[in-house]
Amino acid sequence: MPVPDGAKTSAVYGEIQNPKEMENSILAVTSNQYKIVEFHTMTTDNEGIMRMRKREFPINLHPKETIKLERNGTHLMLYDREMKEGNLEIQIHFSDGFVMKQIVEKKSL
Ligand SMILES: [Cu+2]
């Protein structure tokens, strides 16, 4: 999951999979380096312009369902960076109590 380094706001792309063989939902996403993490989707307005829309939690997932995070689709948006050393990590909190940790690779713009 590459993300530009140094920005106050970043978007994250990649994949999130429900690891369980049952319905599950994402209650929240947190990060060690950003105060706020939101799920966004892209929609096209009636003038043909792509706009981001916030998706509210919980986000329900079927067994083993994968959400693809991509530039023109659903993505994670990170706000309000706190300056900290080390890897950028996100934690995905599922309704069954499972917390999935993912390291996000950073790259320079
Ligand atoms: Cu966004």
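The legends below describe close-up views of a predicted model.

**View 1. Overall make-up of the protein chain.** The protein chain holds 11 strands and 0 helices. Read from the N terminus, its elements follow the order β-β-β-β-β-β-β-β-β-β-β. Among the 109 residues of the protein chain, 17% count as buried. Of the contacts in the protein chain with a separation of 6 or more, 72% are between residues 24 or more positions apart.

**View 2. The hairpin of strands E5 and E6.** Strand E5 covers residues 34-44 and runs antiparallel to E6, with 6 bridges joining the two. The hairpin formed by E5 and E6 has 5 residues between the strands. In the turn, Gly48 has a positive phi of about 80°. One of the paired positions is Met42, whose bridge partner in E6 is Met52.

**View 3. Strand E6 and its burial.** Strand E6 is made up of residues 50-55. Of its 6 residues, the number buried is 0, so strand E6 lies largely in the open. Met52 is a residue of this strand. A residue counts as buried when 20 or more other C-beta atoms lie within 10 Å of its own, and as exposed when there are 12 or fewer. Met52 has 13 other C-beta atoms within 10 Å and is therefore partly exposed.

**View 4. Surroundings of Met52.** Leaving out residues up to four places away in sequence, Met52 touches His40 and Met42. Met42 is also the bridge partner of Met52. Thr74 is 22 residues from Met52 along the chain, and the C-alpha atoms of Met52 and Thr74 are separated by 8.9 Å.

**View 5. The largest nonpolar core.** This core has 13 residues. Those with the most contacts inside the core are Val12, Val29, Leu76, Ile90 and Ile92. Two or more residues each come from strand E4 (24-31), E5, strand E9 (75-81) and strand E10 (88-94). Strand E10 gives the most to this core, with 3 residues.

**View 6. Contacts of Val29.** Val29 is one of the core residues with the most contacts inside the core. Setting aside neighbours within four places in sequence, Val29 is in contact with Val37, Leu76, Ile90, Gln91, Ile92 and His93. Of these partners, Leu76, Ile90 and Ile92 are also named among the core residues with the most contacts.

Definitions and conventions:
Residues are numbered from 1 along each chain as its sequence is written. This is a predicted model: local features need pLDDT of at least 70, side-chain atom pairs count only at pLDDT 80 or more; totals for chains, interfaces and linings use all residues. Helices (H or I, at least four residues) and strands (E, at least two) are DSSP runs, numbered from the N terminus. Two strands pair if DSSP finds at least two bridges between them. Two residues are in contact if their C-beta atoms, placed from the backbone, lie within 7 Å. A nonpolar core is a set of buried Ala, Val, Leu, Ile, Met, Phe, Trp, Tyr and Cys residues joined through C-beta atoms within 7 Å.
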